[in-house]
Amino acid sequence: MSATTAQGSAINQLIIRGSIVKPPRMKRSPAGISHLLLALEHRSLQQEADLTRQCYVRIQVVVSGDWAESWSTKLSLGSEIEVSGFIQRHENANGIPRLVLHAQNIKQV
């Protein structure tokens, strides 16, 4: 695969709005990088095939680097936010995969 082809298929962007449903938690990687972990819950009504559908999702959001330190003092349980970023597959200690949103932008709403 050429660099051009890889770049063309590199679109990975998610925007979601919701509320923080667990207290935000700070941790550090073995490399010393700060990570703020958030559990974001989204509920809405969406239109699909001319029908109204109830949507519900809970996704882990990771805010990394110096930005994590800054947001750790601004966000708390119940905060309403809009997050945009990319999704990445993470595995827990038992090898169970899940999608995690790596935040690149956060807005309080």
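**Entry 1: ground rules.** I noted that this is a predicted model, in which local features need pLDDT of at least 70, side-chain atom pairs count only at pLDDT 80 or more, and totals for chains, interfaces and linings use all residues. I numbered residues from 1 along each chain as its sequence is written, and I recorded that side-chain values use heavy atoms, with hydrogens and water left out.

**Entry 2: overall layout.** I counted helices and strands as DSSP runs (helices H or I, at least four residues; strands E, at least two), numbered from the N terminus. The protein has two helices and six strands, in the order α-β-β-β-β-α-β-β along the sequence. Its C-alpha atoms fill a box of roughly 50 × 45 × 30 Å along the principal axes. Of its 109 residues, 31% count as buried.

**Entry 3: the loop between β3 and β4.** I looked up alanine 49, which is placed in the loop between β3 (34-48) and β4 (51-64). Alanine 49 is exposed because its relative accessible area is 69%. Its phi is near 50°, a positive value in a residue other than glycine. Aspartate 50 lies in the loop between β3 and β4, and its phi is near 60°, also positive in a residue other than glycine. With a relative accessible area of 77%, aspartate 50 counts as exposed.

**Entry 4: the aromatic pair.** I searched the whole structure and found one aromatic pair. Tryptophan 67 and tryptophan 71 have ring centres 6.3 Å apart and planes at 90°, so the pair is edge-to-face. The rule I applied takes rings of Phe, Tyr and Trp (its six-membered ring) as paired if their centres lie within 6.5 Å; planes under 30 degrees apart are stacked, over 60 edge-to-face, and the rest tilted. Both tryptophans lie in helix α2 (residues 66-72), four residues apart, about one turn of the helix.

**Entry 5: lysine 22.** I located lysine 22 in the loop between β1 (14-20) and β2 (25-28). Lysine 22 is partly exposed, since its relative accessible area is 47%.

Key. Buried < 20%, exposed > 50% of the residue type's maximum accessible area, 1.4 Å probe, protein only.
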